[in-house]
Every structure is written in C-alpha cells, then in structure tokens.
Amino acid sequence: MNSRSLQTTIIFLVVGGILVLAFSGVLGSASRGFTATLINIQTWIAGRFAGFQDFVTAPRDIVTLRQRNAELEAQVSQLQAQLIELQQRVNETEILAALVDFSRSNPESTYKAASVIGRDPSPFLHYIIINRGSNDDIRRGMPVVTNQGLVGRIDAVIADAARVQLVTDPASSVNVYLQNTDTSAVLYGSVTGDISLDLISQNVTVEAGDLILTSGLGGGYPADLIIGQVVTVRALEFELFQQATVQPAVDFSRLEIVLVITNFRPVDIAPLEPATTPIP
Amino acid sequence: MRNLIAFPLLGLAVILQSSIVSQVRLLNGYADLPLVLLAAWALQERVDSAWHWGAVACIFLGFISNLPLPVMILGYFGVLFVARILQRRVWQAPLLAMFSVVFLGTLFFHLLSFIILRFLGTIFSFGDVAGLVTLPSLLLNMLLSIPIYPFMRDVSHWVYPVEEFA
C-alpha cells in the first residue's frame with residue numbers, strides 16, 4: 001500500500017469515526033449544532049426546490065385549468081339552454097293543462113289546439129296566424145278561445161294554417177250580454193287593441209266589474225263564452241245608448257296556444273236581414 | 001339570375017315581420033320590415049329590378065295579411081316610385097335618401113291603409129291612428145333603416161357585380 005492510499009484510508013477512518021461518534025450522541029452539543037446546521041441547509045434547499053418545481057410545473061397547470069374552465073363553461077351554457085327549454089316546456093304544459101281543464105269543463109264543444117305562429121304584418125289589423133288549417137278540419141267562422149275566454153274567430157284558412165280575427169280588431173263586432181243585468185250589447189274592437197261596449201240600453205244599470213259573455217245572437221259565436229269585465233261606463237242622458245270600456249279576460253299580447261271550437265258552424269243570417277229596398 | 005334571391009329574402013322578411021317584428025311594439029305601432037327592405041333595395045344605384053321585388057313582396061304579404069291587396073300594391077309600389085325618384089336626385093347622400101323614402105313611404109302607406117279601411121267600413125279615430133300607430137311606426141322604420149341600408153347595398157353588390165354591370 002503506497003503512502004497516498006494509506007493517507008486516504010486514514011482520513012476516511014477519522015471522518016467516519018467522528019460521524020459514528022456524532023450520531024451515537026457521544027459528541028453532545030457539538031453533534032446537535034452540526035445536525036441542526038444540516039437540517040437548516042436541507043430545509044433551505046428543499047424550500048428552494050419546491051419553489052423551482054412550482055415554477056416549472058405551474059404553466060402546465062394553468063393550461064389544464066383553462067381547459068377545465070372552458071369545459072365547465074360549455075357545460076354551464078348547455079345546462080342553461082336545457083333550463084330555458086325546460087322552462088318553456090313547463091309553461092307550455094301549464095297552458096295545455098289549463099286548456100284541457102277548460103275543454104273538460106265545457107264538454108259540449110269539441111276543440112282543436114293550435115299554436116300561434118304569427119301576427120298580421122299591418123298595425124291597423126289585429127289578426128293572428130295559427131298552425132292549423134283545412135287539413136285539420138278547420139273552417140272559416142269557427143270560434144277560437146283559450147281557457148280565459150273568447151279570442152276571435154277563423155277568418156281565412158289554407159291547408160296548414162289559418163288566420164284568426166281577434167275580438168280586438170277594429171272591424172270586429174260581437175253580440176254579447178251582461179250577466180248581472182241580463183241585457184244585450186255589442187262589443188267593438190279598435191285600432192289600439194282596446195275593446196268597448198256599445199248599444200247598451202239606457203234602462204239598465206251597468207256597473208264596473210259586470211261580466212260580459214257572448215250572447216249567441218247573429219249566429220257568429222256560440223253563447224256564454226267569457227269576454228271580459230266592464231271597467232268604466234259612460235251614460236249620457238241625451239244619447240240613445242250607454243257605452244262601456246271593457247277589460248278583456250284574455251291577454252292578447254301573450255297568446256301562445258289557442259283552442260278552435262270545431263263543432264260550431266256559424267250561421268249566415270244575411271238572407272234573413274231586412275232588404276234595404278222594399279220588395280214590390 | 002341572382003335576382004331570384006328576392007324570393008328567399010323577402011319570404012324571410014315577411015316571416016320575420018309576422019313572427020318577431022310585429023311583437024316589438026312602440027305604443028300600437030311597429031316597424032314594417034318589407035317596406036324598409038324594398039326602399040333600401042330601390043335606392044341602390046345599379047338595381048333595375050325594384051318593381052319585381054315589390055311584386056314578390058305583395059305576393060308574400062297577400063298570403064299572410066288581411067290588408068286589402070290594393071293597399072299593399074299601391075303602398076309598396078308608391079314607396080318604390082318615391083325611392084326611384086329620390087335615387088336619381090339625392091344619390092350623393094344615400095342615407096338621407098333612405099330616411100326620406102322611409103319617412104314619406106310610411107306616411108303614404110299608413111294614409112292609404114287608413115283611407116281604404118275607412119272606406120271599407122272599419123271605424124278608426126284619426127287621432128289614435130296618427131298618434132299611436134303611425135308616429136311610432138315611423139320612428140321604428142327610421143331606426144330599422146340604419147342597419148338595413150348597408151345590408152341591401154351589400155346584397156346589390158352581390159346581385160350586380162361591377163364587372164357584369166360594366
């Protein structure tokens with residue numbers, strides 16, 4: 001063994017012996033200071049390494065988080081769309097349930113449900129377009145109702161659609177009677193969509209809240225369909241008739257589904273009306 | 001041949017008018033999309049098919065509306081007539097011409113509707129019609145003409161390409 005390797009062996013033995021003595025606790029306070037220093041150094045290095053590791057791995061996490069966020073946002077959008085669709089279905093179901101209740105409570109008529117798919121393009125006219133036509137046995141003149149009351153009547157029909165004249169149309173007139181006073185009158189529409197009563201006899205007392213129903217006179221509508229309630233009355237002594245404004249039972253701005261009374265055939269009484277020129 | 005786009009475009013316009021535009025009300029008036037579309041089309045420089053487009057619009061509207069056909073024909077063709085006249089005179093300020101046509105066209109159309117419907121027996125109050133229907137419709141038509149004019153200009157560039165026109 002040469003002198004160099006002997007020197008190395010001695011150094012190793014000395015250092016190893018010190019370490020053994022230190023770990024076995026023989027060196028006492030010197031040993032504790034040494035191990036504390038080692039632990040501090042290891043803690044510092046471990047802390048720096050953890051920071052470096054975070055620095056290296058953080059961008060990958062952001063990409064993952066962004067992907068996850070995008071997935072969740074897409075999922076939220078999808079769920080919101082489903083929620084809206086389900087709310088629409090709930091609304092539709094509620095309307096249909098009300099219409100079914102109405103048809104059950106009025107079994108004398110047969111009904112066909114139809115969706116409102118449009119309105120007349122002219123602001124002068126109050127018509128709606130429904131998605132049922134002659135293919136569904138819809139005919140001109142059939143009354144259209146909701147569970148709330150009278151909507152109007154079929155004005156024109158094509159194969160798969162029909163146009164309905166609302167009672168609010170300025171050209172519409174309906175023979176009605178006031179339930180509380182049992183007197184008849186005529187209901188007119190207007191360009192603003194308001195409806196009013198005219199030709200009410202001066203001999204009856206009409207009050208706000210009186211219920212208005214179709215009388216069936218003239219054969220244009222079946223009797224006893226609810227139209228609305230009297231809001232205000234105008235009775236002037238020098239006029240022949242009283243007039244009244246009416247709050248319709250149906251909300252015409254929110255019509256979605258309506259019922260067509262298919263077993264009602266309007267009667268054309270024109271030939272029975274008195275001729276304007278006397279027959280010789 | 002590209003003029004055949006009048007059929008899908010005006011068909012869509014009438015459907016939108018019936019299903020959406022007529023629901024967006026200001027008082028009792030609402031915009032008239034086919035009228036604004038026709039006015040914008042007739043004001044385009046290269047367009048020579050405005051009358052054909054007017055006829056197509058009348059056909060589509062005749063199916064949906066209960067407005068008497070003469071009102072529609074006279075009304076829309078009147079709008080086209082005014083537009084063609086102004087197009088030659090106010091060509092340097094197209095948006096001004098558009099507003100003028102829509103303003104005059106809407107007034108003309110509503111006046112015509114009022115007169116003919118009154119003649120046919122419908123009871124109207126002129127004050128109600130003017131204040132609650134015509135003026136709000138006028139405002140909405142003017143607003144609608146702002147996006148419609150550039151859209152129809154692009155359509156006219158597609159239907160009448162520069163090379164073909166030259």
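Q: At what angle do H3(B) and helix H4 (residues 69-89) of chain B pack?
A: Take each axis as a line fitted to C-alpha atoms, for helices over the stretch in contact; angles run from 0 to 180 degrees between N-to-C directions. Here H3(B) and H4(B) pack at about 155°, and their axes are 10 Å apart. Angles under 35 degrees count as roughly parallel, over 145 as roughly antiparallel, 65 to 115 as roughly perpendicular and the rest as oblique. H3(B) is therefore roughly antiparallel to H4(B). This is a predicted model: local features need pLDDT of at least 70, side-chain atom pairs count only at pLDDT 80 or more, and totals for chains, interfaces and linings use all residues. Residues are numbered from 1 along each chain as its sequence is written, while chains are lettered from A and ligands numbered from 1 in the order in which they are written.

Q: Which residues make the contact of H3(B) with H4(B)?
A: Contact means C-beta atoms, placed from the backbone, within 7 Å. H3(B) contributes residues including B:Trp51, B:Ala57 and B:Leu61. From H4(B) come, among them, B:Met72, B:Tyr76 and B:Phe77. Ala, Val, Leu, Ile, Met, Phe, Trp, Tyr, Cys and Pro count as nonpolar, Asp, Glu, Lys and Arg as charged, and the others, Gly among them, as polar.

Q: How many residues of chain B are in contact with chain A?
A: On chain B, 23 residues meet 18 residues of chain A. Helices (H or I, at least four residues) and strands (E, at least two) are DSSP runs, numbered from the N terminus. Two or more residues each come from H1 (6-19), H3 (50-64), H5 (94-119) and H6 (126-159) of chain B. H6(B) gives the largest share, five residues. This side of chain B has 11 nonpolar, 11 polar and one charged residues.

Q: In what order do the six strands close into a barrel?
A: Strands pair if DSSP finds at least two bridges between them. In chain A the order is E6-E7-E8-E11-E10-E9, with antiparallel pairing. Neighbouring strands are turned by 40° against each other on average, direction ignored. E7 (residues 183-188) and E8 (residues 195-201) pair over three bridges. A:Leu187 stands opposite A:Leu197 in E8(A).

Q: Is A:Asn263 buried or exposed?
A: Count other C-beta atoms within 10 Å: 20 or more is buried, 12 or fewer exposed, in between partly exposed. A:Asn263 has 12, so A:Asn263 is exposed. A:Asn263 sits in the segment after strand E12 (257-261) of chain A.

Key
Contact = placed C-beta atoms within 7 Å.
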